[in-house]
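Work through the exercises below with the sequence and the model in view. Each task is followed by its solution in steps.

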Amino acid sequence: MDDHADIAEAAAALKAGGLVILPTETVYGLAADAGDARAVAKVYEAKGRPAFNPLIAHVADIAMARRIAVFDDRAERLAAAFWPGPLTLVLPIADTAAVCDLARAGLDTVAVRAPAHPVAQALLQAFGGLLVAPSANRSGRPSPTTLADAVAETGGSAAVALDGGPCWIGLESTVVALLDEARLLRPGAVTRAEIEALIGPLSEADADAKRSPGRLTRHYAPNLPLRLNAEEPRAGEVWLGFGRKGGSGFNLSPDGDLAEAAANLFAYLRAADLADGATGISVAPIPDTGLGEAINDRLRRAAGYIG
Ligand code: TXA
Ligand code: MG
């Protein structure tokens, strides 16, 4: 693997059916040509991901997205407001060849997102087509937010790894399905309130796991057991504090800033896993407002509280 590669080398590797480790503003992805089923199969294999869990198709802009997905008025409004950025829209598929069946897990819908990271944008422009890119972790593990973590997870399967520095958001994109009712399938940096301000109330049945196939299993999990909403660490536990709940160990954000906590979350879970002699990880309470909804969602899944 070449981890000092440039954009042109990465685009050439993708054209040749290879995989590329790709920085985005949310987390690092493992990218393949969306229309190349053999390349997409390598992505599932590299992650150890079940093939019923579909992938997100990444586009440079809304014009590219309109060519493959059916945009209604709600989709137009959300894309205009939040693209490029950390929002994924699940829409009816319009061009089944552009995003192969395997990438969509055979569904007649497609998840589409325009990432804001300049390296991701440059690669999409140079490649000139759609890229599917799941988070670059092995299935079930915390998503990588640095090049080193991405390479440690799935680098062995990638032809090229692009360095984009640490991801500044640190949690995967918000996923909204706009099929019949609008549903929040995965909370993220674009918050429920921001979405509802533009398209009205989201359906209450939003945690419907069947509609979000990738969310059925324990996810984002460190190796050590995780205890949430802890007042203080017990003997043997590595502490992840928040705000004034400091102390020894890590603090997700000493100032109690949710954006900072989101950016640190996965890297700190990985670091806590490596602490000498640790038997568990405990995390201070995180407020459930705004971006806190996404942080608590990832923590509950990492702890195995959501099956
Ligand atoms: O921030 C992100 O979205 C990152 C970066 C790399 O862009 N990507 C990412 O991909 O998180 P992944 O594959 O780890 O998560 C995609 C989620 C999964 O929960 C999957 O089930 C869901 O999107 N998804 C994809 N296509 C879908 C579809 N057609 N219907 C419902 N859910 C879908
Ligand atoms: Mg993932």
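**Exercise 1.** Find which residues D288 touches, not counting residues up to four places away in sequence.

Solution. Step 1: take contact as heavy atoms within 4.5 Å. Step 2: with residues up to four places away in sequence left out, D288 touches E293 and N296. Step 3: the side chains of D288 and N296 make a polar contact at 2.9 Å; such a contact is a pair of N or O atoms within 3.5 Å, and within protein one must be able to donate a hydrogen and the other to accept it, while residues adjacent in sequence count only if both atoms are side-chain atoms. Step 4: D288 is in the loop between strand 13 (280-283) and helix 9 (292-302). Helices (H or I, at least four residues) and strands (E, at least two) are DSSP runs numbered from the N terminus. Step 5: D288 has 48% relative accessibility, so it counts as partly exposed; buried means under 20% relative accessible area, exposed over 50%, and partly exposed in between (1.4 Å probe, protein chains only).

The model is predicted: local features need pLDDT of at least 70, side-chain atom pairs count only at pLDDT 80 or more, and totals for chains, interfaces and linings use all residues. Residues are numbered from 1 along each chain as its sequence is written, chains are lettered from A and ligands numbered from 1 in the order in which they are written, and side-chain values use heavy atoms, without hydrogens and water.

**Exercise 2.** Give the strand order of the open sheet of 4 strands.

Solution. Step 1: two strands pair if DSSP finds at least two bridges between them. Step 2: the order is 10-13-11-12, with parallel pairing. Step 3: strand 10 (226-227) and strand 12 (250-251) are the edge strands, each pairing on one side only. Step 4: strand 11 (residues 237-241) is joined to strand 12 by 2 bridges, and L240 has F250 as its bridge partner in strand 12.

**Exercise 3.** Describe the open sheet of 9 strands.

Solution. Step 1: its order is 7-1-2-6-3-5-4-8-9 and the pairing is mixed. Step 2: strand 7 (160-161) and strand 9 (182-186) each have a single partner strand, so one side of each lacks a neighbour in the sheet. Step 3: strand 4 (residues 87-92) and strand 5 (residues 109-113) run antiparallel, joined by 4 bridges. Step 4: L91 stands opposite V110 in strand 5.
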